[in-house]
Amino acid sequence: MSMDFGAPADDPKVFRNICRDRILKDLLKPDKDKETKSSWKVLIMDKFTVKIMGYACKMAEITDAGISLVEDLFKRREPMPSMDAIYFLQPLKENVIMLLSDMSGRCPLYRKAYIFFSSPIPKELVTYIKNDSSVIPRIGALREMNLEFFTIDMQGFVTDHDTALVDLYGPSDNSKVFNDTITTMATRIATTFASLKEFPSVRYRAPKGDASTTTKFDMVPKWLATAVWDIVSKYKSTIPEFPQKETCELLIVDRPIDQIAPVIHEWTYDAMCHDLLEMDGTKYIYEVSKAGSDPEQKEAVLEDHDPLWLELRHAHIADASERLYEKMNTFVSKNKAAQLSRDGGEVSTRDLQKIVQALPQYSDQVEKLTLHIEIAGKINRFIREYGLRDIGQLEQDLVFGDAGAKEVISILRSKQDMSPENKLRLLIIYAIVYPEKFEGDKGDKLMQLAKLPHDDMDVIKCLRYLEGSDLKKSSRTGTFSLKFDAQKKKNAARTEKQDGEETWALSRFFPLIEELIEKLSKGELPLKEYPSMGEPSSAPQGTTQTASTAGPAQNPAPMSMRSRRTPTWAKSKNSGDSQSSDSSVLRHSSGDFKRLGNRIFVFMIGGATRSELRTVHKLTMKMKREIVLGSSSIDDPPHLLCSWNGSASAEDEVDR
């Protein structure tokens, strides 16, 4: 007997798997035609390439590829003259100097060096290597991998620019930092297409004003699009078998198009883990109690390799909690040893720990189930303790134009114990939808009512730098909104979707890239607002069937009546008991869907959100086209508020 946790997508054509396979086959086995099963190599990397490798592969996969030892380029290493070495490095002078130090002279550290650079190597560094005549005979390969991005998800990558908001949109006028950030970001984005052998048509958010009134902040998407286009265009003549015509679509946008998505409470399991729990990236630290000994700290990694995480991450927290308890009760009901551990009608986390001891053959599955039950329980406790249901309801009512000043003032007065962070997030949303409410001293009075420090008001004022204009110039409906339709509610930043997909409460909100991707796929994205580099296509790129004629996504199977564990607040007013979370479709997908059109890439400058990452998974299944989200970073609300605080502090320095 085993528990069905679903399975991660293993389709080799999926974005992340292509990147993993390039490393395992092209980089780690450079002489695969000659090597034998007994051949082992040393892998040497710098700090940057270690991160690339860590995101793309598991250690077991690296070992299976014939790597016996992984070394740091800048740490002292023992000579291994009988072994070959694979160097995976950034093309930097200091890295090349260390490489030559290893391989030159009478006694090199290794027998042969297979050298791979993460991005194009400057000609002067190639010359520098060639000038060392003792090294040349010892080089087995010298190649450009063009792999300088981090695959954080099956359909997501980042360029590792955590400070992009401050570097590109902050008030500081440091042109070197600005230009270096654009150049490096463009290079890393371009290596994505080099790795996939895809030639993108590139579109970007256009500057809003004319040349005389446009700020440099508003030009960022255009400048980045130009830099990416220049690099990928050169690939046509420098990379063998690189396409000569466009094979996919890339849309470059930036954080100013949607400032609500980073701060609003997102109610999926993934988003709530990163919002409410103190996680270090994907690592979650927890304690395990054992009889007769002190609690032991353990570390869990919440990522695609955990099939239970893969199934639940995009589910509404209420849906995820219910599924976990259903799995637990199903397991207990089918196992006699587990039934003996029951104290009564329900099984606790402590009971599951007893089950692990009683059933060692299922220990890995039960431990994962125990872990996720503990996490979901902690999240639900925080939801109750922080009063997040009422806060989340007001946030969404503000976004959809169903609430205003009266409701904001009421909750600030009635919930005196609301955390400062949640107050600030609520007021940021209020400022975006009602910018005129923060004119003059109105904002200061709201901050006094919320009992927030003056520094937090600076964060709200800092939003004008993201917009590229002063908040006072914002229209009544808010210039922060991306308007596709004229028929919008007054003071609403979103229009209700009529697709009938969501049935969970607090799931009305959707990030604006959802509308952008849908319009891009249908060929309805206005060229004036989103121009194209090079010659614009007259029809959606690479589609064999338009979105309007594509078949609908598979409908989820009906679900049984909800158990009493499901919080009543989680049910929508208009919902029945049908299951509707995004993952209800995704968890049934095998990952090997037949793409009816070419890939769509969306790159978000300034940090993407968990909700935006979830959106690309959802739309991939809906539109039957693989959609990949790239960004300078993935930002959770606490991190983003720190970034805005940093930008606000920089603004104060400039003002002084």
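Reader: Which residues does Glu-148 touch, not counting residues up to four places away in sequence?

Author: Glu-148 touches Phe-48, Ile-52, Gln-90, Pro-91, Ser-118, Ser-119, Thr-187, Arg-188 and Thr-191. Touching, or contact, means heavy atoms within 4.5 Å. A word on the source: this is a predicted model, where local features need pLDDT of at least 70, side-chain atom pairs count only at pLDDT 80 or more, and totals for chains, interfaces and linings use all residues. Residues are numbered from 1 along each chain as its sequence is written, and side-chain values use heavy atoms, with hydrogens and water left out.

Reader: Where is Glu-148 found?

Author: In the loop between strand 5 (139-144) and strand 6. Helices (H or I, at least four residues) and strands (E, at least two) are DSSP runs, numbered from the N terminus.

Reader: Is Glu-148 buried or exposed?

Author: Glu-148 counts as buried, at 4% relative accessibility. Buried means under 20% relative accessible area, exposed over 50%, and partly exposed in between, with a 1.4 Å probe and protein chains only.

Reader: Which side chain makes a polar contact with that of Glu-148?

Author: The side chain of Ser-119, at 3.0 Å. A polar contact is a pair of N or O atoms within 3.5 Å; within protein, one must be able to donate a hydrogen and the other to accept it, and residues adjacent in sequence count only if both atoms are side-chain atoms.

Reader: Now helix 2. Which of its residues are buried?

Author: Helix 2 (residues 47-56) buries Phe-48, Thr-49, Ile-52, Met-53 and Ala-56. They fall within an arc of 135° seen down the axis of helix 2, so they line one face of the helix. The arc is that of the directions from the helix axis to the C-beta atoms.

Reader: Why do residues three or four places apart point the same way?

Author: An α-helix has 3.6 residues a turn, so residues at that spacing point the same way.

Reader: And which residues are exposed on the other side of helix 2?

Author: Lys-47 and Gly-54.

Reader: What do the buried residues of helix 2 pack against?

Author: Helix 1, strand 1 (41-45), helix 3 (59-64), strand 3 (84-89), strand 6 and helix 7 (175-196).

Reader: Which residue caps the N-terminal end of helix 2?

Author: Asp-46. One of its side-chain oxygens lies 3.0 Å from the backbone nitrogen of Phe-48.

Reader: On to sheets. What is the order of the five strands in the parallel one?

Author: The order is 2-1-3-4-5, and the sheet is open. Two strands pair if DSSP finds at least two bridges between them. Strand 2 (67-72) and strand 5 are the edge strands, each pairing on one side only. Neighbouring strands are turned by 15° against each other on average, direction ignored.

Reader: How many bridges pair strand 1 and strand 3?

Author: Five, in the parallel sense. Ile-44 stands opposite Tyr-87 in strand 3.

Reader: Which helices pack on that sheet?

Author: Helix 2 does, touching strand 1 and strand 3, with its direction at about 115° to that of strand 1. Helix 4 (residues 93-103) packs there too, touching strand 3 and strand 4 (113-117), at about 175° to the direction of strand 3. Axes are lines fitted to C-alpha atoms, for helices over the stretch in contact, and angles run from 0 to 180 degrees between N-to-C directions.

Reader: What about the sheet of six strands: which order?

Author: The order is 6-7-13-12-9-8, open, with mixed pairing. Its edge strands are strand 6 (150-153) and strand 8 (200-204). Strand 12 (residues 600-605) and strand 13 (residues 627-631) run parallel, joined by five bridges. Phe-603 stands opposite Gly-630 in strand 13.

Reader: Which is buried and which is exposed, Cys-19 or Cys-107?

Author: Cys-19 is buried, at 1% relative accessibility. Cys-107 is exposed, with a relative accessible area of 70%.

Reader: And overall, how many helices and strands?

Author: The protein has 24 helices and 13 strands. Of its 656 residues, 54% are buried.
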